[in-house]
Amino acid sequence: MQYQSFLIKYAEIGVKGKNRYLFEDALVTQIRHSLKWVEGDFVVSKESGRIYVNAESEYDFDEVIEAFKCIFGIAAICPMVQVEDHGYEDLKKQVLSYVEEFYEDQNFTFKVNTRRGNKKYPVNSEQINRDLGELILHTFPGTKVDVHKPDVMLHVEVRNKINIYSQSIPGPGGMPVGTNGKAMLLLSGGIDSPVAGYMIAKRGVKIDAVYFHAPPYTSERAKQKVIDLAKLVSRYSGPIHLHVVNFTDIQLYIYDKCPHEELTIIMRRYMMRIAERLAGECGAMALITGESIGQVASQTMQSLTATDAATTMPVFRPVIGFDKQEIVDVSEKIGTYETSVLPFEDCCTIFVAKHPVTKPNLKMIERSEENLEENIGELVETAIQTVEKIWC
């Protein structure tokens, strides 16, 4: 027998006040959108703090669960049997039928946990727990009651209908995407930035992305790698507009006019300026980067300060306090690691200085940037006007 219904539980949304329905509606919308890509017909509904998904045709259970696991805002996925309320005796029969159908080996410990949302129901929760526990013990001799650590926690919810379930599959948590504004992710081909995008999206932020491409120094395979990463992140964040910026002329100009030990910082500052322009055009309110303090020369406190001075937008760095292994762990969990480690260089690594400055002085950096005044404005405008937009 296949489950035809799912109870979708949320956690953080539940502490919202009078605007909780906005977050619930956003989650319902996300679920409906995700299920469009799954074979089968589904109806998504909500009722007094509960979100239900009912399958109205055959479907692939594992595929549906995987879809749910990518939807931020879901705390738990509970496959369940939902039946009409035809009285107390029928409820008992339905519970016995559930145990018999879904537990072939009926040698387990269990506990019954009843919630009576319908206060007009003639039997209270404690009495239902006792009656159902006794009935299961007598019907299935291999079962035993364990109220502390049962093998099976059997949940019975008495609402407009009766919900019976015993599985709780963890969801990704977080907040529904789109409930907390929009931000622009600086997406490279590395491990860190896809993780940063995932983590900010988990807080309900809609993300777009910008990638700085430097042909012929970076190949089309490097560009495709970033497109693939954006598509992997979009499984969680929803569709991403990827802005591909041709950064070659800007990099070569900086390389020719500025001290080589400052190349990385100055290039990063112009990336931030361009990302800020693109973010403003698409309605984003912040930038996102995958920087972690001290990981490389451009990520020291002094370097980050110098980089931030180039933009007026807030810069979110969700992995700022992570070490590399912690970032790798998240990338493996979300499925971006194998793509991130493909050996295609990005524009930052191609033009890296042999001895980059680790404690840049902002005034010196700004003085070096004065060498660029003749042509940099025109180069930046050309880069922005020739952006390639890819829907991922």
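Contact here means heavy atoms within 4.5 Å. The model is a predicted one.

Histidine 155 sits in strand E7, which covers residues 152-158. Setting aside residues up to four places away in sequence, histidine 155 touches Asn113, Asn163, Ile164 and Tyr165. Its relative accessible area is 18%. Buried means under 20%, so histidine 155 counts as buried.

Next comes arginine 50. This residue belongs to strand E3, residues 50-55. Is arginine 50 buried or exposed? Its relative accessible area is 11%, so arginine 50 is buried. Which residues does arginine 50 touch, not counting those up to four places away in sequence? They are Leu7, Ser45, Arg115, Glu157 and Arg159. The side chains of arginine 50 and glutamate 157 are joined by a polar contact of 2.9 Å. For a sense of spacing, take isoleucine 65. Arginine 50 and isoleucine 65 are 15 residues apart in sequence. In space, their C-alpha atoms are 18 Å apart.

Now turn to a pair of helices. Two packed helices are described by the angle between their axes and the distance between the axes. Helix H3 spans residues 88-102, and helix H4 spans residues 125-139. Their axes come within 11 Å and cross at roughly 50 degrees. That angle makes H3 oblique to H4. The crossing of H3 past H4 is right-handed. Which residues meet across the pair? From H3 come Tyr88, Leu91, Lys92, Val95, Leu96 and Val99. From H4 come Gln127, Ile128, Asp131, Leu132, Leu135, Ile136 and Thr139.

The next stop is an annotated set of positions. An unreviewed UniProt entry places the feature "binding site" at Leu186, Leu187, Tyr211, Phe212, Arg268, Gly290 and Gln299. Take them in sequence order.

Tyrosine 211 lies in strand E11, residues 206-213. At a relative accessible area of 2%, tyrosine 211 is buried. Not counting residues up to four places away in sequence, tyrosine 211 touches Leu187, Thr218, Ala222, Lys223, Val226, Leu242, His243, Val244 and Val245. What does the side chain of tyrosine 211 make a polar contact with? The partner is the side chain of histidine 213, at 3.2 Å.

Arginine 268 is part of helix H8, which runs over residues 263-281. Its relative accessibility is 13%, so arginine 268 counts as buried. Its side chain makes a polar contact of 2.9 Å with the side chain of glutamate 291.

Glutamine 299 is in contact with Glu291, Ser292, Ile293, Gly294 and Leu304, leaving aside neighbours within four places in sequence. Glutamate 291 therefore pairs with arginine 268 through a side-chain polar contact and is in contact with glutamine 299, both residues being buried. Where does glutamine 299 lie? Its place is the loop between strand E13 (287-288) and helix H9 (301-308). The relative accessible area of glutamine 299 is 10%, which means it is buried.

Conventions: Residues are numbered from 1 along each chain as its sequence is written. This is a predicted model: local features need pLDDT of at least 70, side-chain atom pairs count only at pLDDT 80 or more; totals for chains, interfaces and linings use all residues. Side-chain values use heavy atoms; hydrogens and water are left out. Helices (H or I, at least four residues) and strands (E, at least two) are DSSP runs, numbered from the N terminus. Buried means under 20% relative accessible area, exposed over 50%, partly exposed in between (1.4 Å probe, protein chains only). A polar contact is a pair of N or O atoms within 3.5 Å; within protein, one must be able to donate a hydrogen and the other to accept it, and residues adjacent in sequence count only if both atoms are side-chain atoms. UniProt positions are given in the numbering used here, feature names are shortened, and annotations may be inferred rather than shown by experiment. Axes are lines fitted to C-alpha atoms, for helices over the stretch in contact, and angles run from 0 to 180 degrees between N-to-C directions. Angles under 35 degrees count as roughly parallel, over 145 as roughly antiparallel, 65 to 115 as roughly perpendicular and the rest as oblique. A crossing is left-handed if the near helix is turned anticlockwise from the far one by less than a right angle, and right-handed if clockwise.
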